[in-house]
Amino acid sequence: MEMMQKTTMKALAVLPGVADSARIVETETPSVDEVPNGRGVLVKVLRVGIDGTDKEINAAEYGAAPEGFDFLIIGHEGFGIVEEVGENVSGLKKGDYVVATVRRPGTSIYDQIGTNDMTTDDTYFERGINLRHGFLAEYYVDDEEFVVKVPEGLKEVGVLLEPTTVVEKGVAQAFEIQRRLRVWKPKKAAVLGAGTIGLLATLILRLKGIEVVTFGLQQRPFLNSELVEAIGARYESTRERSVIDFAEDVGGFDIVFEATGYSPIVFDAMQALAKNGVLVLSSVTGGSRTVEVPADRINLDFVLGNKVMVGTVNANREYFEVGVKDLSQAALEYPGWLERLLTHPVKGLENYEQLFEKLTNGQGVIKVFCEVNDH
Ligand code: BGC
Ligand code: ZN
């Protein structure tokens with residue numbers, strides 16, 4: 001093989017284990033040949049969203065560097081454009097807009113059948129999170145298997161796909177579980193939390209024609225409550241009325257999607273379910289909170305009401321594909337709505353301090369994202 005001169009690129013990385021270590025690193029630009037069998041896809045990164053996971057990684061609460069590196073390139077909510085493909089890539093070409101999935105296969109049976117999101121392994125391989133570099137870089141390379149095409153019409157909002165997939169997986173799991181009921185047709189849903197995930201969950205449930213009540217702390221009106229109402233859902237502040245009180249009035253919810261990050265509300269959610277209802281838990285709560293609950297009553301209602309509770313994390317390719325369809329439907333049904341979630345852009349990797357600053361202290365923050373390259 002001919003020796004080529006390696007070029008370098010800029011990336012945003014942390015030193016895992018060192019708090020507030022986010023910095024720009026100069027590292028080798030990846031090449032399509034790094035992926036075996038000619039299946040490599042080189043992606044020029046356009047936008048990358050950040051969230052609580054990135055904050056935790058920069059606080060050294062989580063995250064590990066890939067083998068052979070002392071730094072971890074962060075960012076798992078990517079959006080980019082294909083720059084080059086290997087000779088055996090068939091479904092993607094230069095110029096396609098794409099988003100890559102986050103988790104890579106481990107060794108469990110679930111990993112072997114393409115459902116890495118259901119792994120039973122203790123070690124997660126997640127781009128931008130654990131043991132695999134992420135997308136806050138000028139370029140990344142991945143196997144075609146993990147790179148999902150996004151239609152050009154979604155290029156302004158494609159950065160929302162990864163968070164959407166977390167919702168898609170949770171909702172799909174709920175429907176899958178409810179096949180036990182033969183004729184389940186959910187009419188009423190509650191979404192707990194009105195942040196990015198809560199808003200996207202409201203959207204996905206509304207696209208299914210379900211009546212949705214979204215609960216947040218803050219009192220209406222504000223941007224998030226307006227976004228909820230703009231898609232025909234109802235916003236309620238838990239400062240005014242608890243989820244349980246509300247459920248008593250409407251006779252309980254067929255589906256509850258929890259996305260507040262506040263674990264005690266889970267026990268309220270359990271009590272807000274209708275008979276045969278399903279509760280989906282999606283908050284990654286790293287704390288050590290404890291709480292006292294009416295255990296007998298909750299248990300009794302679960303037993304007598306045939307209720308279900310399911311945890312959900314991450315998403316595999318299947319949910320990225322459903323996410324693309326739903327974002328397209330949303331763009332048609334609620335034009336301009338997804339764009340309103342993109343509240344806090346930061347131009348250029350070098351301004352990374354603003355990413356964390358906006359995520360922590362920004363006014364009216366829904367999605368903070370970095371504009372890495374122009375296109
Ligand atoms: C990501 C998931 C990931 C999870 C736990 C979330 O922020 O969106 O893909 O699995 O963090 O690490
Ligand atoms: Zn995330």
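**View 1. Domain 1 and domain 2 of this predicted model have centres 29 Å apart.** The distance is taken over C-alpha atoms. Domain 1 is built from two stretches of the chain, 8–156 and 342–371.

**View 2. Domain 1 meets domain 2 through a set of contacting residues.** Six residues of domain 1 take part, and seven residues of domain 2. About 520 Å² of area is buried between domain 1 and domain 2. Carbon and sulfur atoms supply 58% of that area. On the domain 1 side, look for D117, M118 and I366. These residues lose the most area to domain 2. Together they make up 70% of what the domain 1 side buries.

**View 3. A salt bridge links K169 and D117.** What classes of residue does domain 1 bring to the side that touches domain 2? That side has two nonpolar, two polar and two charged residues.

**View 4. The rings of F215 and F246 form an aromatic pair.** The arrangement is edge-to-face. The ring centres lie 5.6 Å apart, and the planes make an angle of 90°. F215 belongs to strand β13, residues 211–216. F246 belongs to helix α6, residues 243–250. The pair therefore ties together parts that are 31 residues apart in sequence. The model's count comes to eight aromatic pairs.

**View 5. A cis peptide bond joins R220 to P221.** Look at the omega angle of this bond: omega is near 0°. Where does P221 sit? P221 is in the loop between β13 and α5, and α5 covers 223–230.

**View 6. N276 has a positive phi.** The value is near 65°, in a residue other than glycine. Is N276 in a strand or a helix? N276 is found in strand β16, which covers residues 273–281.

Terms used
Residues are numbered from 1 along each chain as its sequence is written. Chains are lettered from A and ligands numbered from 1 in the order in which they are written. This is a predicted model: local features need pLDDT of at least 70, side-chain atom pairs count only at pLDDT 80 or more; totals for chains, interfaces and linings use all residues. Side-chain values use heavy atoms; hydrogens and water are left out. Domain bounds come from an automatic or database domain assignment. Contact means heavy atoms within 4.5 Å. Buried area is the accessible area (1.4 Å probe) that two parts lose on being put together, summed over both. A salt bridge is a side-chain nitrogen of Lys or Arg within 4 Å of a carboxyl oxygen of Asp or Glu. Ala, Val, Leu, Ile, Met, Phe, Trp, Tyr, Cys and Pro count as nonpolar, Asp, Glu, Lys and Arg as charged, and the others, Gly among them, as polar. Rings of Phe, Tyr and Trp (its six-membered ring) pair if their centres lie within 6.5 Å; planes under 30 degrees apart count as stacked, over 60 as edge-to-face and the rest as tilted. Helices (H or I, at least four residues) and strands (E, at least two) are DSSP runs, numbered from the N terminus.
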